[in-house]
Amino acid sequence: MSKKEMEVVMAYENIKFVKLVTGDSVMGEYDEENSKIRNIALIQAIPSGSSMQIAVLPFGFPFEEEIGGEIDSKDIMYEYSSIPEELKNKYVEAKSNIKISQNMDGLQGFQGSGSGGNSGLIL
């Protein structure tokens with residue numbers, strides 16, 4: 001496992017899904033020592049006909065193409081009690097460009113997409 005893949009696995013356990021005082025819903029990695037959330041991704045619900053799509057974007061989009069930055073925990077208004085596993089996986093994929101497999105049969109799908117940009121994903 002590469003260093004980047006190890007960092008992804010370690011960060012996966014500290015992912016938080018919160019609503020900020022600004023009303024934005026974001027995901028990031030909680031840094032307990034400094035009481036901050038780092039590597040912020042904006043989570044946007046997009047109506048699509050009779051269903052809903054979720055966009056995972058860098059918080060600074062469209063001016064920043066990489067997921068990064070930090071937010072102090074005093075700016076958090078609400079923490080969601082649970083995070084859907086698929087949403088967590090999409091956050092990790094957008095942040096690291098490493099594909100998370102949903103199906104372990106044959107270990108298909110665990111690979112990077114090869115493109116350098118992490119400008120966001122739509123579920």
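Residues are numbered from 1 along each chain as its sequence is written, and side-chain values use heavy atoms, with hydrogens and water left out. Because the model is predicted, local features need pLDDT of at least 70 and side-chain atom pairs count only at pLDDT 80 or more, while totals for chains, interfaces and linings use all residues.

User: How many salt bridges does a search of the whole structure find?

Analyst: A salt bridge is a side-chain nitrogen of Lys or Arg within 4 Å of a carboxyl oxygen of Asp or Glu. The search of the whole structure gives a total of eight.

User: Is Asp31, the salt-bridge partner of Arg38, buried or exposed?

Analyst: The closest N and O atoms of Arg38 and Asp31 are 2.8 Å apart. Buried means under 20% relative accessible area, exposed over 50%, and partly exposed in between (1.4 Å probe, protein chains only). Arg38, at 26%, is partly exposed. Asp31 has 17% relative accessibility and therefore counts as buried.

User: Which helix holds both Lys90 and Glu93?

Analyst: The side chains of Lys90 and Glu93 meet in a salt bridge at 3.3 Å, N to O, and both residues are buried. Helices (H or I, at least four residues) and strands (E, at least two) are DSSP runs, numbered from the N terminus. Lys90 and Glu93 are three residues apart, about one turn, in helix α2 (residues 85-96).

User: What is the N to O distance in the salt bridge of Asp75 and Lys74?

Analyst: Asp75 is partly exposed at 27% relative accessibility, whereas Lys74 is exposed at 64%. Their side chains meet at an N to O distance of 3.7 Å.

User: Which residue takes a positive phi in the hairpin of β3 and β4?

Analyst: Two strands pair if DSSP finds at least two bridges between them. Strands β3 (residues 36-48) and β4 (residues 51-58) run antiparallel and are joined by eight bridges, and Ser48 stands opposite Ser51 in β4. The hairpin has two residues between the strands, and the positive phi, near 65°, belongs to Gly49.

User: What is the area of the nonpolar surface patch made by Val21, Met77 and Tyr78?

Analyst: Patches are made of residues with over 30% relative accessible area and no salt bridge; like charges are joined within 9 Å, and nonpolar side chains (Val, Leu, Ile, Met, Phe, Trp, Tyr) within 5 Å. Tyr78, in strand β6 (residues 76-79), is partly exposed at 44%. Accessible areas come from the Shrake-Rupley method with a 1.4 Å probe, and for residues only the protein chains shown count as cover. The patch made by Val21, Met77 and Tyr78 has an area of about 330 Å².
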